[in-house]
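Please look through the structure shown here slowly, keeping the sequence beside it as you read. The paragraphs that follow begin with a single residue and then widen the view.

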There are 2 protein chains.
Amino acid sequence: MVNFTNIETMKMIDIFRFTVLAFCVFLPVEVKSQLPAETVVVRGFFNEALTSYEAYHNLEWLCKNTAGRICGTPEAAEAVEFTHQLMNNMSLDAVWLQPIMVKSWKRGDKEEARIVSEKFGTVSVPSCALGWSIGTGDPGLSAGVVEVKSLDELKKKSSKEIEGRIVFFNQPMKQTNLATFSSYGEAVWQRTNGPVEAARLGAVGCVIRSMSIGTDDFPHTGITRYDEGVKPIPALTISTKAADLLSSYLALDSKLFFFFRTTCLTGQDVPSSNVIGEIKGSEFPDEIITIGGHLDAWDISEGAHDDGGGCIQSIEVLRLFQKAGIRPKHTIRAVMFMDEEVAQRGGQEYAKQASIKGEKHIAALESDRGVFQPKALAVTGNPEQMKNLAAWQPLFDPYDIKLTSGGGGADVGPLKNFYPTILFMGIIPEDQRYFNLHHAASDTFEQVDRREMQMGAAGIASLIYLYDKYGL
Amino acid sequence: MVNFTNIETMKMIDIFRFTVLAFCVFLPVEVKSQLPAETVVVRGFFNEALTSYEAYHNLEWLCKNTAGRICGTPEAAEAVEFTHQLMNNMSLDAVWLQPIMVKSWKRGDKEEARIVSEKFGTVSVPSCALGWSIGTGDPGLSAGVVEVKSLDELKKKSSKEIEGRIVFFNQPMKQTNLATFSSYGEAVWQRTNGPVEAARLGAVGCVIRSMSIGTDDFPHTGITRYDEGVKPIPALTISTKAADLLSSYLALDSKLFFFFRTTCLTGQDVPSSNVIGEIKGSEFPDEIITIGGHLDAWDISEGAHDDGGGCIQSIEVLRLFQKAGIRPKHTIRAVMFMDEEVAQRGGQEYAKQASIKGEKHIAALESDRGVFQPKALAVTGNPEQMKNLAAWQPLFDPYDIKLTSGGGGADVGPLKNFYPTILFMGIIPEDQRYFNLHHAASDTFEQVDRREMQMGAAGIASLIYLYDKYGL
């Protein structure tokens, strides 16, 4: 049973928020006079999003039929085909594939890892190779372990301490940050740069604590990078629970060995595509607003929150415009970027082709922080633009969405090279759960709540609608 | 990979929020001068909550070892024992069981339901008896079906249309409400009053669409009530997907039959307990602040969000006070109420005993809306109190928690009968996911995010700390 006092309260809050709109006295004149009408349009986007199951079912199809769609795989090709068909069936003004070449890499099927301790015996641990790691090959690799929790700690070690051994990077994501993206930002150096830093000192392999905010049994993969001139070494990630276990064993048995086998192989570049659909602008068809997510996802994951959901939201925004019968003034594009996770070639090619074709890009929004309940919509505006943005806040108050500064991302970022004044936008969802799932097998369709994802899509549609109509 | 521009933005927001505290110029003098110090205390609660796994592990134990702990069951007794031991091990000033008598009811093990249509064949559907429904008995019940979507629609039917048939209540929870508790409040009459209204018109049974905001295969149970003078009829709920299916079949085959068998039995009242632990106040030990959740959960559910999480949060608040070395001025109690789901006897007895013993209750907070990310903390204060509450808002801004009006609940509610001036408080978490899980087998421990639950506990601790110290 639930608390009826609070139900009434929530209703009151809803009513209150709508009423507030009538009393907004400090807004620019044009926006002020438009607010009542725009309240109805925005509410229309949300009503349609909340009652529709189309995007949710499309996300399910994408997750269940193209799981593991890292660039260069047949699953990635299937995801291109699916979203291409999806947009082809929407009566958009144009839908096309934009060819790119992507790197390719295969995990191999012989992954295993274990702690071998005279004191504690042999314990297998959940693990996987980091993306683009070299493999150990069939025989595997066995060596003593040096644990470090920071780059400083590693750098203070002598080559003698590291040579011939496995470096175990074990800096947990900080729990006391309120923004889990900050914790990720602080800890992810281990995954991207740990192996090359360990190799510089003569390590033979590298084991890295998974970049998870939770304590669980899922290994979380992600890209690692090698430097030319430093011999690459095999890099493995183990689950956070396994990392805690290994650390506790090491404290009592510094002579233990770690064994792992990975048979991953890097292949030739292969062709792939960005998938693009657009509604032509009625007044400024040559001025383009891009909304995008990335279609690729790690090979061990359904990629529901990262970033199938962001792709499906982008398509949903176009559907919401169509359903509302709104033809935008500017051209609005949904772009499924290929290869965000590895080399961002989709984003680079999209920007390059835009420049070659002489397109005019005025704004770009990327949804790549999961599709949880939206907390904020963000714009990288100048002070004048941020003031204008603030005038729209009352329209978003009923949905508990703040308008704030921020935006951009790895895929739309390259547009800045060709369009220095482009306005970047973004969506910031609740993030407490995101890094439990990020780059892991736990990022499944079942972790997505339909209403939360749809509120995100409706929020993006509302912001884009207002920007398209009034500018900033 | 993630968007580093946004990471920086989030950090900036964190820094900005803390900085804002320094510039709060419109606050009452006492609070204003205290804010910098209280910022540290509040941050301390959050830091401890976010780094501790104790409450989370306790919730796991409760969910996995006392699933189905509806009042009167051995599982409920086990939950009493567990939380009693838990608080006994915390060095609290007092821990005790408060005896109550509760109703008892057993589902029986022969539940089944199917649609029998000449046109579509026979289709089994996910179902369960409503709580405290009578059973059909072993032979089951088979009858034609009349579908209604509102009470008005039912009342317009003649007895002749209803007599001897099964009434199928099929009003979906409204998707366009932003507050899902509002949708629940609007639709739950079908479950609580549908069977008795159908029986008045001569129905032989009642099938009710599950109170779920999602479209899925989980039946969601919950209490139903019979009126004296109206012959009780068996009442069954079917999943939302099954309800959609039945409705679509009925549209094409109005002569189909519905068969269901339920063997539930209502038993004698049995003894049970509320579980109470307290930290004695240093200045006003006789003035009591209650924080509570309900320990019982539906028999088909682990009761993670409803309301194991609320219980564990209440205990966690005491632990956070202990860990911070804060002895409150007033006595603070954590109460695990028994029997919220059926007859609220735990809440009634708690209030009655308080009155008998001449206790002075000044405030009570109930956490019974799930343990998702906290959006707001609420107080049912008068305008003066709400103004004072607003002065604390800067302390909660870093955590995205609003201070608002509301509070109370089914368990603390009866205190109002004896303490008319008692201040009710509450916590309002994100609610988009709650009614996917509510009263169903899907409400598992795995649906709880540790950080979200812990942020709720820290939020409650902070509000109670401020209220205990400054009053409202």
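Asp307(A) has its place in helix 10 of chain A, which covers residues 304–324; helices (H or I, at least four residues) and strands (E, at least two) are DSSP runs, numbered from the N terminus. The peptide bond that leads from Asp306(A) to Asp307(A) is cis, with omega near 5°. In chain B, the bond from Asp306(B) to Asp307(B) is cis as well, with omega near 0°, and Asp307(B) lies in helix 10 of chain B. As background, most residues other than glycine have a negative phi, and most peptide bonds are trans.

Before going further, note that this is a predicted model, in which local features need pLDDT of at least 70 and side-chain atom pairs count only at pLDDT 80 or more, while totals for chains, interfaces and linings use all residues. Residues are numbered from 1 along each chain as its sequence is written, and chains are lettered from A and ligands numbered from 1 in the order in which they are written.

Taken as a whole, chain A contains 16 helices and 18 strands, and its C-alpha trace spans about 75 × 55 × 40 Å along its principal axes. A compact globule of 472 residues would have a radius of gyration near 23 Å, and the 24 Å of chain A agrees with this; the radius is taken over C-alpha atoms, and the globule rule is 2.2 Å times the number of residues to the power 0.38. Of the 472 residues of chain A, 54% count as buried, where a residue is buried if 20 or more other C-beta atoms lie within 10 Å of its own, exposed if 12 or fewer, and partly exposed in between, with C-beta atoms placed from the backbone. Two residues are in contact if their C-beta atoms, placed from the backbone, lie within 7 Å, and among the contacts in chain A with a separation of 6 or more, 81% join residues 24 or more positions apart.

Chain A is divided into domain 1 (4–103 + 270–470) and domain 2 (106–266), with bounds that come from an automatic or database domain assignment. The C-alpha centres of these two domains of chain A lie 35 Å apart, and the contact between them takes 15 residues from domain 1 and 19 residues from domain 2.

Val207(A) counts as buried because it has 30 C-beta neighbours inside 10 Å. Although Val207(A) and Ser127(A) are 80 residues apart in sequence, their C-alpha atoms are 9.2 Å apart in space.

In soluble globular proteins, nonpolar side chains tend to be buried together. A nonpolar core is a set of buried Ala, Val, Leu, Ile, Met, Phe, Trp, Tyr and Cys residues joined through C-beta atoms within 7 Å. The largest such core has 135 residues, and Val167(B) and Ile464(B) have the most contacts inside it. Its largest share, eleven residues, comes from helix 16 (residues 450–470) of chain B. Because domain 1 (4–103 + 270–470) and domain 2 (108–263) of chain B both give residues to this core, it lies between them. Apart from it lies another core, of 133 residues, which includes Ile213(A), Ala378(A), Ala391(A) and Leu466(A).

Elsewhere in chain B, six of the eight residues of helix 7 (residues 180–187) are buried, so this helix is largely enclosed by the rest of the structure. By contrast, Gln268(B) has its place in strand 10 (residues 265–279) of chain B and is exposed, because 8 other C-beta atoms lie within 10 Å.

Finally, consider the loop between strand 12 (330–337) and helix 11 (345–356) of chain B, where Asp339(B) lies. Phi of Asp339(B) is near 70°, a positive value in a residue other than glycine, and Asp339(B) counts as buried, with 26 C-beta neighbours inside 10 Å. Gln344(B) is found in the loop between strand 12 and helix 11 of chain B, with a positive phi near 55°, and is partly exposed, with 19 other C-beta atoms within 10 Å.
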